[in-house]
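Colleague: I am new to this one. Could you walk me through it, question by question?

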Amino acid sequence: MELVKALLMWLACATAFAQDTDVPFVVTPDNVTREMLKLAGVKASDFVLDLGSGDGRIVIVAAKQFGARGLGVEIVPELVEKSRDNAKKAGVAERAEFRVQDLFATDLSQATVITMYLLPEVNLQLKPRLQKLKPGTRIVSHDWDMGDWKPDRTVTVEAPDKPIGREKVSKLHLWVVK
Ligand SMILES: C[S@@+](CC[C@H](N)C(=O)[O-])C[C@H]1O[C@@H](n2cnc3c(N)ncnc32)[C@H](O)[C@@H]1O
């Protein structure tokens, strides 16, 4: 099992390298997106920041189903275009913004909730900045943890539509900044 995980990691890194990004584009399935936002306790007063926002689904669901506002930052311009289109189609373009922006150059302080579906080493690079955010800020990471910064909660959810892996489950980790 560890060998399979290592091979998947290697494949993900090789794909990201080929795309000139830090993480390849892999979607979070819709049911997992909802569980991430529920785990963070997202409500209308929240500002959700998705780091590496792909096709925009996390911020769009946060706006449409949880009434929140949000921003997705994404390095691939075509994905940002697609996210803006998706937000318009979902009727939430006013509350769901998308920018072509490097997540490492993004101001994290505006967020009350940060969502991430990245890679373990990217999470570890972000960890020192995340730990300095305002107390009460919630961070949810799909699948990957942050090493010795133990999550406040971890849940496992069925993910039949997950495009990678054979197990079709996702682990979701929640940290609340102290
Ligand atoms: C695994 S996908 C997750 C997409 C979306 N958050 C979701 O959960 O469906 C990671 C995304 O991060 C983007 N990405 C990779 N490196 C980035 C960087 N340095 N800054 C911003 N986005 C980046 C990739 O292009 C990809 O769309």
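What follows is a short exchange about the predicted model shown above.

Colleague: What share of the residues of the protein chain counts as buried?
Modeller: Buried means under 20% relative accessible area. The protein chain has 178 residues, and the buried share is 46%.

Colleague: Among contacts between residues at least 6 apart in sequence, what share joins residues at least 24 apart?
Modeller: Start from the contacts in the protein chain between residues at least 6 apart in sequence. Of these, the share joining residues at least 24 apart is 66%.

Colleague: What is the order of the strands in the open sheet?
Modeller: The sheet is open, has seven strands and shows mixed pairing. Its edge strands, S3 (96-100) and S6, each pair on one side only. Neighbouring strands are turned by 20° against each other on average, direction ignored. The order is S3-S2-S1-S4-S5-S7-S6.

Colleague: In which sense do S2 and S3 pair, parallel or antiparallel?
Modeller: Strand S2 covers residues 69-74, and five bridges link S2 to S3. Glu 74 stands opposite Val 100 in S3. The sense of the S2 and S3 pairing is parallel.

Colleague: Which hand does the crossover from S2 to S3 have?
Modeller: The chain goes from S2 through H4 to S3. That makes a β-α-β crossover, and its hand is right-handed.

Colleague: In which sense do S5 and S7 pair, and in which sense do S6 and S7 run?
Modeller: S5 and S7 are joined by five bridges in the antiparallel sense, and Ile 139 stands opposite Trp 175 in S7. Six bridges join S6 to S7, with Thr 156 having Lys 171 in S7 as its bridge partner. S5 and S7 pair antiparallel, and S6 and S7 run antiparallel.

Colleague: At what angle does H2 run to S7, and at what angle does H5 run to S4?
Modeller: Helix H2 (residues 30-39) lies across S1, S4, S5, S6 and S7. Helix H5 (residues 120-131) lies across S1, S4 and S5. H2 runs to S7 at about 20°, and H5 runs to S4 at about 170°.

Colleague: How many residues of H3 are buried, and what covers them?
Modeller: Helix H3 spans residues 57-66 and is mostly covered. Its buried residues are Ile 58, Val 59, Ile 60, Val 61, Ala 62, Ala 63 and Phe 66. The buried count is seven of ten, and the cover includes H2, S1, S2, H4, S3 and S4.

Colleague: Why does the aromatic pair count as tilted?
Modeller: The structure holds one aromatic pair. The ring centres of Trp 149 and Trp 175 are 5.8 Å apart, and the planes stand at 35°, so the pair is tilted.

Colleague: How many residues apart are Trp 149 and Trp 175?
Modeller: Both Trp 149 and Trp 175 are buried. Trp 149 sits in the loop between S5 and S6, while Trp 175 is in strand S7 (residues 169-176). The pair links distant parts of the chain, and its residues are 26 apart.

Colleague: Is Asp 143 buried or exposed?
Modeller: Asp 143 lies in the loop between S5 and S6. Its phi is near 75°, a positive value in a residue other than glycine. Most residues other than glycine have a negative phi. At 18% relative accessibility, Asp 143 counts as buried.

Colleague: What is the relative accessible area of Lys 168?
Modeller: Lys 168 is in the loop between S6 and S7. Lys 168 has a positive phi of about 55°, although it is not a glycine. Lys 168 is partly exposed, and its relative accessible area is 28%.

Technical notes: Residues are numbered from 1 along each chain as its sequence is written. This is a predicted model: local features need pLDDT of at least 70, side-chain atom pairs count only at pLDDT 80 or more; totals for chains, interfaces and linings use all residues. Side-chain values use heavy atoms; hydrogens and water are left out. Rings of Phe, Tyr and Trp (its six-membered ring) pair if their centres lie within 6.5 Å; planes under 30 degrees apart count as stacked, over 60 as edge-to-face and the rest as tilted. Helices (H or I, at least four residues) and strands (E, at least two) are DSSP runs, numbered from the N terminus. Buried means under 20% relative accessible area, exposed over 50%, partly exposed in between (1.4 Å probe, protein chains only). Two strands pair if DSSP finds at least two bridges between them. Axes are lines fitted to C-alpha atoms, for helices over the stretch in contact, and angles run from 0 to 180 degrees between N-to-C directions. Contact means heavy atoms within 4.5 Å. A crossover is right-handed if, with the strands pointing away from the viewer, the path from the first strand over the helix to the second runs clockwise.
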